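User: I have a structure here and some terms I would like to understand. Can we go through them one at a time?

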Amino acid sequence: NNDQAATGTFVRFWQTSGGYGANQIGSISHTANNTAYNTSSDYRLKENINAITDAITRLKTLKPSRFNFKTEPSVTVDGFIAHEVTAVPEAVTGTKDEVDSNGDPLYQGIDQSKLVPLLTAALQEAVTKIETLETKVAALEGG
């Protein structure tokens, strides 16, 4: 799509299932200076909404690492090994060590943006702990 408008949507992704009609599940949109890759997040599409709990414990299972891809040995990047991201399974696609009928690898992928809710919840838990400790320290220093 060669959209010439200052803002707009290049692509919309739709899902029809479950008798709920067609729901837009994502889009690629733009402004004059930016492109956004959007996953639908409207509350009207969701149910059974609960706060993330025990986020710090789950966060500790993540194993961020530095590595290079075999096709680009001179470029080191930060990231994750897909099969190790068990704290947020919805971030990972594919199956560890999967191959097709010819024995060729079917590689796993990761959508790192799916880690953001857990990271945010863990940070919120950490901030609450820090604020509690600051209050206790202030009380000890003032007393």
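User: Which residues lie nearest the centre of the largest pocket, and how many residues line it?

Analyst: This is a predicted model, so every value here is computed from it. The lining of the largest pocket has 21 residues. Nearest the centre are F69, I81, A82, Y107 and Q108. Two elements, β5 (77–79) and β7 (109–110), each give two or more residues to that lining. The volume of this pocket is about 630 Å³.

User: What classes of residue make up the lining of the largest pocket?

Analyst: Nine are nonpolar, seven are polar and five are charged.

User: What is the volume of the second largest pocket, and what lines it?

Analyst: The second largest pocket holds about 420 Å³ of space. Its lining has 16 residues. I25, S40, S41, L45 and K46 lie nearest its centre. Strand β2 (residues 22–30) gives the largest share of the lining, three residues. By class, three lining residues are nonpolar, eight are polar and five are charged.

User: Why is S27 called buried?

Analyst: Buried means under 20% relative accessible area. S27 has 8% relative accessibility, so S27 counts as buried. S27 is part of strand β2. Neighbours within four places in sequence aside, S27 is in contact with T9, V11, R12, F13, A36, Y37 and N38.

User: How do you know whether V88 is buried or exposed?

Analyst: V88 has 2% relative accessibility, so V88 counts as buried. V88 is in the loop between β5 and β6. Residues up to four places away in sequence are not counted here, and V88 touches R58, K114, L115 and L118. Now take G142, 54 residues from V88 along the chain. The C-alpha atoms of V88 and G142 are separated by 43 Å.

User: What makes a set of residues a nonpolar core, and which residues have the most contacts inside the largest one?

Analyst: The residues must be buried, of a nonpolar kind such as Leu or Val, and joined through side-chain atoms within 4.5 Å. The largest nonpolar core here has 14 residues. L62, V85, V88, L115 and L118 have the most contacts inside it. α1 (55–59) and α2 (116–142) each supply at least two residues of this core. The largest share, three residues, comes from α2.

User: Which residues does L62 contact?

Analyst: Leave aside neighbours within four places in sequence. L62 is then in contact with F80, V85, A87, L115, L118 and L119.

User: How do you know that the length of α2 agrees with its number of residues?

Analyst: The expected span is 1.5 Å times one less than the number of residues. α2 has 27 residues, so α2 should span 39 Å. The end C-alpha atoms of α2 are 38 Å apart, which agrees.

User: Which residues of α2 are buried, and what do they pack against?

Analyst: L118, A121 and A122 are buried in α2. The buried residues of α2 pack against α1.

User: Why is N50 called exposed?

Analyst: Exposed means over 50% relative accessible area. N50 has 64%, so N50 is exposed. N50 sits in the loop between β3 (35–39) and α1. N33 is 17 residues from N50 along the chain, and their C-alpha atoms are separated by 35 Å.

User: Why is D54 called partly exposed, while D97 is called exposed?

Analyst: Buried is under 20%, exposed is over 50%, and partly exposed is in between. D54 has a relative accessible area of 47%, so D54 is partly exposed. D97 has 63%, so D97 is exposed. D54 lies in the loop between β3 and α1. D97 lies in the loop between β6 (92–93) and β7.

User: What is the phi of D54, and what is the phi of D97?

Analyst: D54 has a positive phi of about 60 degrees, although D54 is not a glycine. D97 has a positive phi of about 65 degrees, and D97 is not a glycine either.

User: What makes H83 partly exposed?

Analyst: H83 has a relative accessible area of 35%, so H83 is partly exposed. H83 is in the loop between β5 and β6. With neighbours within four places in sequence left aside, H83 is in contact with K96 and Q108. H83 and T57 are 26 residues apart in sequence and 18 Å apart in space, C-alpha to C-alpha.

Notes
Residues are numbered from 1 along each chain as its sequence is written. This is a predicted model: local features need pLDDT of at least 70, side-chain atom pairs count only at pLDDT 80 or more; totals for chains, interfaces and linings use all residues. Side-chain values use heavy atoms; hydrogens and water are left out. On a 1 Å grid over the protein atoms alone, a cavity is a set of points where a 1.4 Å probe fits but cannot get out, and a pocket is an open set with protein on both sides within 12 Å along at least five of seven lines; lining residues have an atom within 4 Å of a point. Grid points are joined across faces, edges and corners, and a volume is the space filled by probe spheres set on the points. Helices (H or I, at least four residues) and strands (E, at least two) are DSSP runs, numbered from the N terminus. Ala, Val, Leu, Ile, Met, Phe, Trp, Tyr, Cys and Pro count as nonpolar, Asp, Glu, Lys and Arg as charged, and the others, Gly among them, as polar. Buried means under 20% relative accessible area, exposed over 50%, partly exposed in between (1.4 Å probe, protein chains only). Contact means heavy atoms within 4.5 Å.
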